Amino acid sequence: MKTVVCIKQVLQLGDEVEFTDDGLDVDPDYLDPALNEWDSFATEEALQLRERLGGEVVLVTCGSKASEAALRRCLAMGADRAIRIEGVDRDPFSVARALAEVVSAENADLVLCGVQSSDAVQAATGTALAELLDLPRAAVVTKVDYDAGARTAVVDRELEGGLVDRVEIDTPAVLTIQTGINEPRYANLRAIKQAEQVEIDVRNAAGGGAPAYRVRKMFVPDRGEGAEMIDGSPAEIAARIASIVKERLV
Amino acid sequence: MSVLVVAEHLRGQIRDVTRELITAGRELGPVTVAVIAQDPGSLVDAVNIDGVTEIVTVTIGAGEFENDTYQAAVEALIADRKPRVTLLGFTVNSMGYGPAAAVKLGLGFASDVHGIALEGDAVVATRSFYGSKVNAELEFPGAEGVMLLLRPTVWSPAEGVGDASVAALEVVAAPSRARHREVVEATTSSDVDITQADFLLSIGRGIGDKENVEMFQELAAKMGATLSVSRPLVDAGWMPSSRQVGQSGKTVKPSVYLAFGISGAVQHLAGMKASGTIIAINTDPEAAIFNVAQYGAKADLFDVAEELEKLY
Ligand SMILES: Cc1cc2nc3c(=O)[nH]c(=O)nc-3n(C[C@H](O)[C@H](O)[C@H](O)COP(=O)(O)OP(=O)(O)OC[C@H]3O[C@@H](n4cnc5c(N)ncnc54)[C@H](O)[C@@H]3O)c2cc1C
């Protein structure tokens, strides 16, 4: 049983923002890196499959050297090895193409991605990757019922409003994993230390192919009226909230 | 500019997002609506709306959505009608086939789009990045067509009866590799129905710890509010899913929605932005929830909760 998990180091913006000189992205100084929340669930799902069925969990990411921190977090959770692909544009099609090249050579039984990344919310990479690999796929998966050597799996897809679409899917397949599917484990200190020592296999993207889009401008949106901000001490804020609530609940 | 809208339906009902797509589409040009279903004829009337010039039906074998079938149908529709813009909802179903069709056909692509502009013959899409704190304008140079997945509830649902022509397109699809089996209802519990509450006190990941849930339960009770939550609290098993507000939870519209430590992710806002008065408390003054709130406070939620407690 081999599972490939595609992960991303996301970038979180605090309460201040400056843009790069070309105006096409946020200045990296204002961004804090983190492992994409969805990917910790995807990694956990792969680890649970391995615990049950044996085999290997392989991580792949696209990103600079700094994004190895995200790989090492998943290695510390228990993944076996990690591949990082350099020099990939950030749009979902460029990422999917770079991933496809590496993932196809792995001949995995399952490929897991997060549903989306929290910094871009595109929900596109996993599905595009499945197309490029010519594999069946299911998006927004909350349950995986899979047996080693089986030709099919049964998965639950979570629809809007909490409805569930139960699907029988041929394998190998690409699944995009939704939060809540499991309880991602915490890595212990020893595992974190060990993960620091793991050699990460670095590849270069072949490139080529059109991007999904090109960013021509990034900016802070006009908030319109926005919220009226209540100033003051916590007591003053609470008093004002209480009076608004009273006024609105006739 | 020719526009193809792909209708979305579940259990024999056209979903609201379809009418929103028609609104967005008819601002760009003549709209063709594709109805892909086992019995598309039964859904045609629901999409025959002012601004729709043509409805194309594609008959498929499956009773519900299957991503391979939809992908084959949409690819055939695009090859046949050659729309400049194809509009899908940014929904769970679209996530399963939209990006696949677009990357295969070499279309420009963007999802969670909340603004579209035409500049001459070029489409410019606006979407957000980094926790909805910044917007970006996207262009699609060189692409013959563009596929956009539009954020639900941004465009108002199109109204008015249309006089669209109806045509059928025959699509021969390979057998589905992911086959629909059944739709399972969300597990119902005997818990309260948050959609009926007039005053919701809603807590998010900002509360930090499971131990803190109880304190907000008590505060809600004191204030006469019903407690609701954002998704991470349900994922973590701290609260039942019946209390979850948002796209995959409940859509609520109370008179007052008082949010503690909720950032305002799209999928959360989808479920509560129509509330009467939204009040949000967050330590991050740039949190996206302040974009939809009428009142906000940049403050530690525990400090404010403690003071509120004293007032009730
Ligand atoms: C298909 C799909 C469906 C989804 N459906 C839903 C859904 O139905 N409902 C839903 O909620 N989400 C849903 N999500 C998840 C959504 O994308 C977000 O991950 C989620 O809404 C984030 O919840 P949050 O705001 O509580 O947490 P976070 O985004 O982590 O925000 C926590 C906030 O608390 C603030 N904070 C922290 N400490 C304090 C403090 N001491 N005082 C004050 N403020 C503090 C922080 O500044 C931050 O803004 C869905 C996602 C997908 C992909």
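## Naming the parts

Helices (H or I, at least four residues) and strands (E, at least two) are DSSP runs that are numbered from the N terminus. In this predicted model, such numbering lets us say that A:V121 lies in the loop between β6 and α4 of chain A.

## Confidence in the model

For chain B, the mean pLDDT is 96, and 99% of the residues in this chain reach 70 or more. For the complex, the predictor gives an ipTM of 0.96 together with a pTM of 0.96.

## Where the two chains meet

On the side of chain B, 86 residues are in contact with 79 residues of chain A. The area buried between the two chains comes to about 7300 Å², and carbon and sulfur atoms give 56% of that area. Within chain B, the residues that lose the most area to chain A are B:Y130, B:R177 and B:Y295, which together account for 11% of what that side buries.

Helix α4 of chain B, residues 92-105, supplies ten residues, the largest share of the side of chain B that touches chain A. Sorted by type, the residues of that side are 41 nonpolar, 21 polar and 24 charged.

## Salt bridges

Side chains of opposite charge can pair when their charged atoms come close. Over all chains, a search of the whole structure finds 41 salt bridges, and across the interface of chain B and chain A the rule finds twelve. An example that joins the two chains is the salt bridge between A:E160 and B:R15, whose closest N and O atoms are 3.1 Å apart.

A further example lies inside chain A, where A:K8 forms a salt bridge with A:D119 and the closest N and O atoms are 2.9 Å apart. This pair links distant parts of the chain, 111 residues apart: A:K8 is in the loop between β1 (2-6) and β2 (9-13), while A:D119 is in the loop between β6 (110-114) and α4 (125-133).

## Strands that pair

Strand β7 of chain A (residues 137-145) has pairings within its own chain, including a parallel one with strand β10 of chain A (residues 173-177) over three bridges. There, A:A138 is the bridge partner of A:L175. With strand β8 of chain A (residues 152-158), β7(A) pairs in the antiparallel sense over four bridges, and A:D145 has A:V154 as its bridge partner in β8(A). These two strands, β7(A) and β8(A), form a hairpin with six residues between them, and A:G149 in the turn has a positive phi of about 80°.

## Backbone exceptions

Most residues other than glycine have a negative phi, and most peptide bonds are trans. Against that background, A:V121 deserves a look: this residue, which is not glycine, has a positive phi near 50°, and its place is in the loop between β6 and α4 of chain A.

Which kind of peptide bond joins A:T171 and A:P172? The bond is cis, with omega at about 0°, and A:P172 is found in the loop between β9 (164-170) and β10 of chain A.

How values were computed: Residues numbered from 1 in each chain as written. Chains lettered and ligands numbered in written order. Heavy atoms only, no water. pLDDT = per-residue confidence, 0-100. Contact = heavy atoms within 4.5 Å. Buried area = accessible area lost by both parts, 1.4 Å probe. Salt bridge = Lys/Arg side-chain N within 4 Å of Asp/Glu carboxyl O. Nonpolar A, V, L, I, M, F, W, Y, C, P; charged D, E, K, R; others polar. Pairing = 2+ DSSP bridges.
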